[in-house]
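Below is a colleague's note on the model shown here. Please read the points against the coordinates.

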Amino acid sequence: MQYGAAAEQAWYMPAVVAPAAAAETAAERVERLASESAVVVFSVSTCCMCHAVKRLFCGMGVHAAVHKLDVDPRGRELERALACLLGAAAPGAAAAAPVVPVVFIGGRLVGAMDRVMAAHINGSLVPLLKEAGALWL
C-alpha cells in the first residue's frame, strides 16, 4: 500500500501553542503551586528563616511542599509576585528585601515567618493545619 505525500502529512499535525496566551503569569503560578498541597513554603536555599519555618513544620509532623526560588528558573518573577501578595512591593518593582519564607496553608496565604510564628504562639496554627488536612492529631 502506497501513501502519498498528502497522506503522510495528514497524520502528523503539530500542536499549535499560542505564545503569550498559554503562558502562566507568576501570580497564577504562585496560586497554582499554593493550592497543590496542604502546606506550601516558598523559600531560598540559604535563608535561615526558611530553614526555621521548615523545621517548625517538620517538628509538628507536617510535610510541607517546598518551592525553592533560587533553584526555579522563574524564581525572581515568583518572588516579585509573592512580595505583591504580602504588600512588600508595588507590582513590577524589584523587592528590596527578601520576602521568603512565604507560607500557604490550605491554599490560603498565611504570610511570612512573623505571621507563622505568631500563629504558632497564639495557638491558631494547629487548627489551620488540621482544617487543611496537614495535621490529624
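Predicted model: local features only at pLDDT ≥ 70, side-chain atom pairs only at ≥ 80, totals over all residues.

1. The chain contains six helices and four strands. In sequence order the elements run α-α-β-α-β-α-β-β-α-α, which can be checked directly against the structure.

2. Burial and surface. The chain has 137 residues, and 34% of them count as buried.

3. Contact range. Among contacts with a separation of 6 or more, 61% join residues 24 or more positions apart. The Leu78–Ala26 pair discussed below is 52 residues apart in sequence.

4. H3 against H5. Two packed helices are described by the angle between their axes and the distance between the axes. For helix H3 (residues 48–59) and helix H5 (residues 113–122), the angle is about 30° and the axes are 10 Å apart. Angles under 35 degrees count as roughly parallel, and H3 and H5 are therefore roughly parallel to each other. The crossing of H3 past H5 is left-handed. On the H3 side the contact uses Met49, Ala52, Val53, Leu56 and Phe57, and on the H5 side Met113, Val116, Met117 and His120. By class, the residues of this contact are eight nonpolar, one polar and no charged.

5. H2 against H4. How do the axes of H2 and H4 cross? Helix H2 (residues 26–35) and H4 have axes that come within 8 Å and cross at roughly 80°. Because angles of 65 to 115 degrees count as roughly perpendicular, H2 is roughly perpendicular to H4. H2 contributes Ala26, Ala27, Arg29 and Val30 to the contact, while H4 contributes Glu77, Leu78, Ala81, Leu82 and Leu85. These residues divide into seven nonpolar, no polar and two charged.

6. Leu78. This residue belongs to helix H4. Is Leu78 buried or exposed? Its relative accessibility is 1%, so Leu78 counts as buried. The C-alpha atoms of Leu78 and Ala26 are 5.2 Å apart. With neighbours within four places in sequence set aside, Leu78 is in contact with Ala26, Arg29, Val30, Leu69 and Asp72. Ala26, Arg29 and Val30 are also among the H2 residues that make the contact with H4.

7. Glu77. Glu77 is likewise in helix H4 and takes part in the contact of H2 with H4. With a relative accessible area of 33%, Glu77 is partly exposed. Val30 lies 47 residues from Glu77 along the chain, and their C-alpha atoms are separated by 9.8 Å.

8. The cis bond. Most residues other than glycine have a negative phi, and most peptide bonds are trans. The bond from Val100 to Pro101 is cis, with omega near 0°. Pro101 sits in the loop between helix H4 (75–86) and strand E3 (102–105).

9. Trp136. Where is Trp136 placed? The residue falls in the segment after helix H6 (125–132). Trp136 counts as exposed because its relative accessibility is 71%, and exposed means over 50%. Trp136 and Val126 are ten residues apart along the chain, with 9.5 Å between their C-alpha atoms.

10. Summary of the packing. The note covers two helix pairs: H3 with H5, roughly parallel, and H2 with H4, roughly perpendicular. The H3–H5 contact has no charged residues, whereas the H2–H4 contact has two.

Key. Residues numbered from 1 in each chain as written. Heavy atoms only, no water. Buried < 20%, exposed > 50% of the residue type's maximum accessible area, 1.4 Å probe, protein only. Contact = heavy atoms within 4.5 Å. Axes fitted to C-alpha atoms, helices over the stretch in contact; angles between N-to-C directions. Parallel < 35°, antiparallel > 145°, perpendicular 65-115°, else oblique. Left-handed = near helix turned anticlockwise from the far one by under 90°. Nonpolar A, V, L, I, M, F, W, Y, C, P; charged D, E, K, R; others polar.
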